[in-house]
Amino acid sequence: MNDKSKIKVMVALSGGVDSAVALHLLKEEGYDVSAGFMRNWDSLANSDILGNPTLGDPACPQEVDYDDALAVANKLGVKLYRVDFVKEYWDNVFTYFLKEYENGRTPNPDIFCNKYIKFDAFLKWARSLGFDYIAMGHYAKKVVINGLTYLGEARDTDKDQTYFLSQLSNKQLQQTLFPLGDLTKGEVRKIADSLKLDVARKSDSTGICFIGERHFRDFLKNYIPMQEGPIVDLTTNEVIGRHQGVFYYTIGQRRGLGIGGIKGRDDNPRWYVAKKDVSTNTLYVASDEESIYLQSTKITFTDLNFLTKEISDGQEIEVRFRYRQKKVKATFYKTSETTGKLLFPTPYLSVTPGQAVVFYDKGLCLGGAIINDIYFKEEKRN
């Protein structure tokens with residue numbers, strides 16, 4: 001279809017500068033655009049994991065974001081819809097988030113918010129209203145090669161968000177537009193300035209909406225009760241401190257452990273979280289960042305998802321374990337439709353169960369999985 005005026009696009013307008021510029025660019029290209037603001041978290045009447053009502057939660061700036069989105073829509077002359085996905089977010093994202101922490105893992109809820117809310121519930125809602133595509137302000141590209149649709153890395157490598165899109169399906173990818181893929185963040189802000197949008201200099205949102213500006217541990221205590229336990233030196237098996245609950249710590253974490261000088265020891269090393277045992281409520285630490293207990297040589301993974309084509313067994317690929325992390329090499333093996341393993345040519349530090357591992361090759365994001373188990377230097381790799 002060459003006449004873009006007959007192509008209806010629903011732009012997810014978040015109240016930030018990126019989605020505002022994405023909306024403008026699509027309108028300039030001639031698409032028939034509207035905007036939709038998603039309400040995914042009930043900041044006024046939150047409820048706990050058991051479904052019991054709790055006090056209002058003013059920490060999430062959702063209503064401010066809506067006002068900003070409305071101002072952008074009015075400025076650009078498009079209709080703004082408001083849609084409620086609070087239940088879907090609770091069922092598919094927040095409940096998963098809590099269960100992962102209860103199992104001693106460190107989840108990334110943004111990845112599942114994309115999979116189940118922004119590119120599923122929002123997409124289905126937009127399609128039900130007669131829209132052909134949805135559009136997002138993510139820094140990513142949709143690339144078509146030999147008739148197949150791939151997810152490509154953004155030109156702005158510092159802002160590239162393909163890591164968070166690794167659990168999408170190919171169908172979701174085909175029905176989405178990414179107008180910012182060839183722009184840098186600086187260029188996006190310049191466009192917003194030229195349009196005199198109030199959000200032009202608005203700070204980027206950080207962290208997770210439902211936590212807001214609060215300390216993460218304080219938030220988590222509302223849902224997972226604090227349970228003190230021992231902190232153990234993984235090398236000597238000596239108890240060297242007490243923790244507030246193994247759920248609150250992340251592999252590789254150094255700050256906030258509360259381990260001071262240890263009686264009978266002259267050294268005062270820096271300690272890193274190396275392992276969490278939920279069954280015994282024990283937090284294990286290592287005293288050196290280069291410790292064998294922090295250097296992984298292999299991982300197994302679950303929730304395997306390919307965006308377009310499958311990766312071959314024994315294929316060397318590039319992977320990321322965290323957003324913005326430098327890509328590293330790994331050899332891929334599939335063990336079932338949804339599970340597999342990666343072997344590393346050199347040990348990598350602080351790989352964390354529950355986090356996403358995302359696969360890349362020549363600037364394309366191939367898909368991703370969720371890290372299940374990690375194996376250290378001295379453990380068997382096969």
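Predicted model: local features only at pLDDT ≥ 70, side-chain atom pairs only at ≥ 80, totals over all residues.

**Thr338 and its surroundings**

- Thr338 is located in a loop, with strand S14 (328-334) on one side and strand S15 (340-349) on the other.
- Which residues does Thr338 touch, if those up to four places away in sequence are not counted? They are Phe301, Thr302, Asp303 and Leu304.
- Thr302, one of these contacts, is 36 residues from Thr338 in sequence, yet the two C-alpha atoms are 5.7 Å apart in space.

**The protein as a whole**

- The protein contains seven helices and 17 strands.
- Of its 382 residues, 53% are buried.
- When contacts between residues at least 6 apart in sequence are considered, 67% of them join residues at least 24 apart.

**Helices H3 and H4**

- Helix H3 covers residues 86-102 and helix H4 covers residues 109-128; their axes come within 10 Å and cross at roughly 155 degrees.
- Why are H3 and H4 described as roughly antiparallel? The crossing angle is roughly 155 degrees, and angles over 145 degrees count as roughly antiparallel, so the description applies to this pair.
- The crossing of the two helices, H3 and H4, is right-handed.
- On the H3 side, the contact is made by Glu88, Tyr89, Asn92, Val93, Tyr96 and Phe97, while H4 contributes Pro109, Phe112, Cys113, Tyr116 and Ile117.
- Sorted by class, the residues in this contact of H3 with H4 are nine nonpolar, one polar and one charged.

- Thr106 is placed in the loop between H3 and H4.
- Is Thr106 buried or exposed? Thr106 has a relative accessible area of 7%, and therefore it is buried.
- Leaving out residues up to four places away in sequence, Thr106 touches Tyr101, Tyr249, Thr250, Lys276, Thr352, Pro353, Gly354 and Gln355.
- Asn114 belongs to helix H4, and its relative accessible area of 3% makes it buried.
- Beyond its neighbours within four places in sequence, Asn114 is in contact with Phe119, Asp120, His138, Phe164, Leu165 and Leu168.

**Tyr66 in helix H2**

- Tyr66 is part of helix H2, which comprises residues 62-76.
- With a relative accessible area of 19%, Tyr66 is buried, because the limit is under 20%.
- Tyr66 and Gly15 are 51 residues apart along the chain, and their C-alpha atoms are separated by 6.0 Å.
- Apart from residues up to four places away in sequence, Tyr66 touches Phe37, Leu80 and Arg82.

**Cysteines and disulfides**

- A disulfide is a covalent bond that links the sulfur atoms of two cysteines.
- How many disulfides does the structure hold? The number is zero.
- Cys113, which takes part in the contact between H3 and H4, is buried at a relative accessible area of 7%.
- Cys365 also counts as buried, with a relative accessibility of 2%.

Methods
Residues numbered from 1 in each chain as written. Heavy atoms only, no water. Disulfide = S-S within 2.5 Å. Buried < 20%, exposed > 50% of the residue type's maximum accessible area, 1.4 Å probe, protein only. Axes fitted to C-alpha atoms, helices over the stretch in contact; angles between N-to-C directions. Helix = DSSP H or I, 4+ residues; strand = E, 2+ residues; numbered from the N terminus. Parallel < 35°, antiparallel > 145°, perpendicular 65-115°, else oblique. Left-handed = near helix turned anticlockwise from the far one by under 90°. Contact = heavy atoms within 4.5 Å. Nonpolar A, V, L, I, M, F, W, Y, C, P; charged D, E, K, R; others polar.
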